[in-house]
Structure formats: structure tokens, C-alpha cells
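Trainee: Please take me through one part of this model closely. I would like to look at the place where the two chains meet.

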Amino acid sequence: MASKPRVRAPKSASKGEVVEIKTLISHKMESGQRKDSDGNVIPRQIINHFEARFNGEPFFIAEIEPAVSANPYISFYHQPQESGEYEFVWNDDDGSTYSKKSKLTVEG
Amino acid sequence: AAGVGMTLMPGLAKASPEEVQKAIKEMIGDTTPQEGKVSLDLPEIAENGNTVPVGVSVDSPMTQDSYVKAVHLMADGNPSPEVITFKFTPQSGRAEASTRMRLAQTQNVVAFAEMSDGSVYRAAQPVKVTIGGCGG
């Protein structure tokens with residue numbers, strides 16, 4: 001179970017400017033390598049894929065392994081040429097998908 | 001629950017050299033990596049192996065003709081060496097990204113950058129881990 005996808009993305013930028021985007025989602029990132037007190041392996045359940053899209057087109061993707069910490073944080077960059085809408089999507093091992101949208105106005 | 005896991009950490013073996021080589025081959029194929037272009041931003045000493053900040057950047061243009069396609073991060077002393085793959089496009093503007101990772105013990109963190117012309121660049125840095133991360 002994940003919750004509260006959080007994104008810090010700019011609301012405005014100048015044309016050609018490179019902007020930084022920071023994302024975080026609450027998730028235990030169970031590695032599949034731990035055992036419970038009875039010695040049974042706790043099944044793996046992680047966020048395995050993250051995608052950042054702008055106006056529907058993916059511009060940054062992360063393929064995530066169990067070595068990424070709980071509550072996975074990812075920061076990256078984007079160089080927008082026009083105004084539009086970001087969509088950020090997280091995929092869970094259990095088939096769930098989480099997403100968050102944010103608008104960007106490009107001036108000049 | 002994290003505390004329960006920590007007590008069981010000593011049972012976790014690090015990946016064998018063969019497993020590390022297999023992981024590298026899956027990341028970059030048979031291409032021989034060159035040194036340079038890639039910079040890792042890592043602490044020299046990580047007090048808590050459960051959450052070690054890691055940043056990577058590649059010195060490259062980000063145009064349709066020449067850009068960084070992907071950066072693979074690997075931790076060669078974890079039970080499973082793969083950490084994360086960042087995939088970039090010319091629209092990324094800059095081949096730079098960061099995350100936080102688990103390191104089970106003191107080890108090397110290695111980055112492989114795949115360029116759009118097929119060449120591969122590598123950088124590595126040791127990180128001393130004081131308290132190992134669970135289930136890296």
C-alpha cells in the first residue's frame with residue numbers, strides 16, 4: 001500500500017529553462033529479503049516503476065529495485081518548450097497505480 | 001517491524017562476484033565501459049544504511065543527436081546488486097537524478113551511463129556503512 005504521492009514541480013518556467021522536479025511517495029518498499037519472527041520470508045512489495053510525462057509524453061523513467069529506501073524519493077530535471085500538464089505515475093508490485101498531476105505555464 | 005528485520009540482517013549474504021558480473025551484463029551488455037563523464041554524489045560515511053542519499057550526473061549534451069539514454073546504479077555489496085535505472089530523454093534537459101538507497105554494508109556504489117551513440121561510461125565510489133540497511 002502506498003499513499004500520498006507528493007511532487008514539487010514549478011508552476012511556471014521560461015522557454016528552454018531546465019527545471020528540477022522532486023517526488024516522494026509513502027511506501028514500505030518491502031524488499032522480499034527480510035524474515036518475520038517465525039523465519040518466514042516477508043513477500044516483496046515495492047514501487048517498481050516511476051514515470052514522469054509532460055503533455056502525455058514520458059521524459060523521465062525510473063526502474064526501481066528493492067534496494068531503494070522506503071518512501072522512495074526521486075529528483076530529476078525537465079526542459080519544457082511549451083505550457084502543459086505534468087503527470088507522475090508510480091506502479092506498485094501489487095498492480096496498483098498512483099498518479100499526480102501538475103500544470104506548468106511556459107513564458108516567452 | 002524494522003527492528004525485527006535488523007536483527008536478522010547478518011544472515012544476508014552479499015552478491016557473489018559472478019552475480020555482480022551478471023547484473024552488469026544485464027545493464028550494459030558486452031560494452032566495455034570507459035572512465036569519465038559520470039559523477040556520483042554520495043556520502044563517504046553513511047551512518048544509517050537504510051537511507052543513503054545518492055545523486056548521479058553525466059557531463060553530456062541533451063539533444064536529439066547526442067544524449068544520455070540511461071544511468072544504472074549498482075551496489076556491489078548488497079544481496080542483490082541492482083539499485084535503480086534512470087532513463088532520460090532529450091526533454092530531460094540535464095542527465096542528473098537522485099534517490100535514497102539501502103546499503104547492507106560498506107561497499108562500492110557504481111554508476112554506468114549509456115549514451116545515445118552506444119558508448120558506456122562508468123564511475124565508482126566506496127561508501128563506509130556504520131549500521132547496515134535492511135534487505136538491500
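Mentor: Start with one pair of residues. T99(B), in β7(B), is the bridge partner of I74(A). That strand pairing crosses the chain boundary: two bridges join β6 of chain A, residues 73-78, to β7(B), and the two strands run antiparallel. Strands count as paired if DSSP finds at least two bridges between them. Strands here are DSSP runs of E with at least two residues, helices are runs of H or I with at least four, and both are numbered from the N terminus.

A word on the ground rules. This is a predicted model, in which local features need pLDDT of at least 70 and side-chain atom pairs count only at pLDDT 80 or more, while totals for chains, interfaces and linings use all residues. Residues are numbered from 1 along each chain as its sequence is written, chains are lettered from A and ligands numbered from 1 in the order in which they are written, and side-chain values use heavy atoms, with hydrogens and water left out.

Now the whole contact. Chain B brings 35 residues and chain A brings 30, where contact means heavy atoms within 4.5 Å. Together the chains bury about 2,500 Å², and 50% of that lies on carbon and sulfur atoms. On the chain B side, K87(B), R100(B) and R102(B) lose the most area to chain A, together 23% of what that side buries. Buried area is the accessible area, with a 1.4 Å probe, that two parts lose on being put together, summed over both.

Which elements of chain B each supply at least two residues to the side that touches chain A? They are α1 (2-7), β6 (82-88) and β7 (96-101). β6(B) gives the most, with seven residues. By type, that side of chain B divides into 15 nonpolar, 14 polar and six charged residues. Nonpolar covers Ala, Val, Leu, Ile, Met, Phe, Trp, Tyr, Cys and Pro; charged covers Asp, Glu, Lys and Arg; the others, Gly among them, are polar.

Last, the partner. Chain A has zero helices and eight strands. Its C-alpha trace spans about 60 × 20 × 20 Å along the principal axes.
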